[in-house]
Amino acid sequence: MPQKALITGITGQTGSFLAKQLVEHGYEVHGTTRSLGNLPWRLQHFGITDDIHLHKLNATNFSEITEIAAHKFDYIFHLAAESSVASSLKQPTKTVMANVVQTTAWLEAIKNVSPECRFFNAVSSEVLKASEGPLDENAPRSAKNPYAVTKLASMNMAQVFRESFDLYIVNGLLFNHESELRDDRFVTAKIIRNLCLLSKDPKLAPFELGNVLAERDFSHAEDFARGIVASLHHEIPQDYVFASGVLCSVKDFFDTAARQLGFEPQWVGEGLEMTCRDGATGRALVGINPEYYRPIDELGKAGNATRAHTCLNWTPTVSFEDMIGRMIAYQRSRIE
Ligand code: GDR
């Protein structure tokens, strides 16, 4: 009998990489989606749409969640969420429903109808407090935006269920994870898409970013998907940081991508007056728009994934440059 796995949020970036890996490993893979009408383009990209059992789910409907959990999966990977910090600032109540109420409903459902199921809960580096040095699972907590508040609550809830009801539950403290399948609500995909468009059309006007001095710890989502699978196969359920350990500013990400596309990025000005031109042609590539700034944007958080290295034998394999190269190649293939 193949092992049965359910991925909530299977049509998203990380859900799709996870689905691909589980299909390749011979699992029977199920997934939830808001609408069966929407084409799951990421699953199509991997050519695995026919291998997936899709379940339509209204994520705040507790009885629908219980019905799906009653299929008695061996593993549930709970990734479905409002995952954009910017969107959470615009729609905090919706974010609470998607991230706290939904997660609690899944936890309650597995406790009631499938207590043997191993459950992964996707949490975020946004719940960790910035401080000197890379942050591990024991780093102090902090939540500076609605998204972070909801992820902290969902992590606390998952820990309470693990300890109170003896369930196998893992929280993954995921630092930024990007890929060719990222959508451009997120800064890396926005940069790649716009630079590719600029490189194709010499007359195109520059685009706009927010705080380019913000720093993040970027990895490839495919590497995280591997770690997430491994995290449910350890002998004890515990929480894991997944991260590269390397800090990089949005500006550094932009510069690396621009160079790979043949531009010579040269920045001038400060704060809202910052702009970047191509040194070879003098053409403006990007400017700053305060609309994209966050009210609070914590700087300098890198992750320490030692526990994942030690307990799961997990190491990232896709380098920063290769990740950007893959994003560019994919984006170019879509716009050419
Ligand atoms: P983040 O990702 O909030 O870190 O959450 P995002 O790509 O949205 O922002 C990263 C940094 O870039 C700065 N920034 C901009 N961001 C966006 N979206 N658009 C812009 O134009 C722009 N200009 C500058 C932001 O201020 C920020 O500092 C991601 C998500 O995947 C979460 O779900 C996940 O939990 C965390 O990473 C870890």
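This is a predicted model: local features need pLDDT of at least 70, side-chain atom pairs count only at pLDDT 80 or more; totals for chains, interfaces and linings use all residues.
Local features were taken at pLDDT of at least 70 and side-chain atom pairs at pLDDT 80 or more, whereas totals for chains, interfaces and linings use all residues. Residues are numbered from 1 along each chain as its sequence is written.

The protein chain is assigned domain 1 (4-179 + 218-245 + 300-318) and domain 2 (187-214 + 249-297), with bounds from an automatic or database domain assignment. The C-alpha centres of domain 1 and domain 2 lie 31 Å apart. Five residues of domain 1 are in contact with four residues of domain 2 (contact: C-beta atoms, placed from the backbone, within 7 Å).

The ligand is surrounded by 23 residues (C-beta atom, placed from the backbone, within 6 Å of the molecule). The closest are Ser83, Ser124, Phe186, Gly210 and Ala214. Domain 1 and domain 2 each supply at least three residues to this shell. Two or more residues come from each of the helices α4 (85-90) and α7 (187-200) (helices: DSSP runs of H or I, at least four residues, numbered from the N terminus).

Helices α9 (residues 250-260) and α11 (residues 320-335) have axes that come within 10 Å and cross at roughly 60° (axes: lines fitted to C-alpha atoms over the stretch in contact, with angles from 0 to 180 degrees between N-to-C directions). The contact involves Thr256, Ala257 and Gln260 of α9 and Glu321, Ile324, Gly325 and Ile328 of α11.

Note on methods: Two residues are in contact if their C-beta atoms, placed from the backbone, lie within 7 Å.
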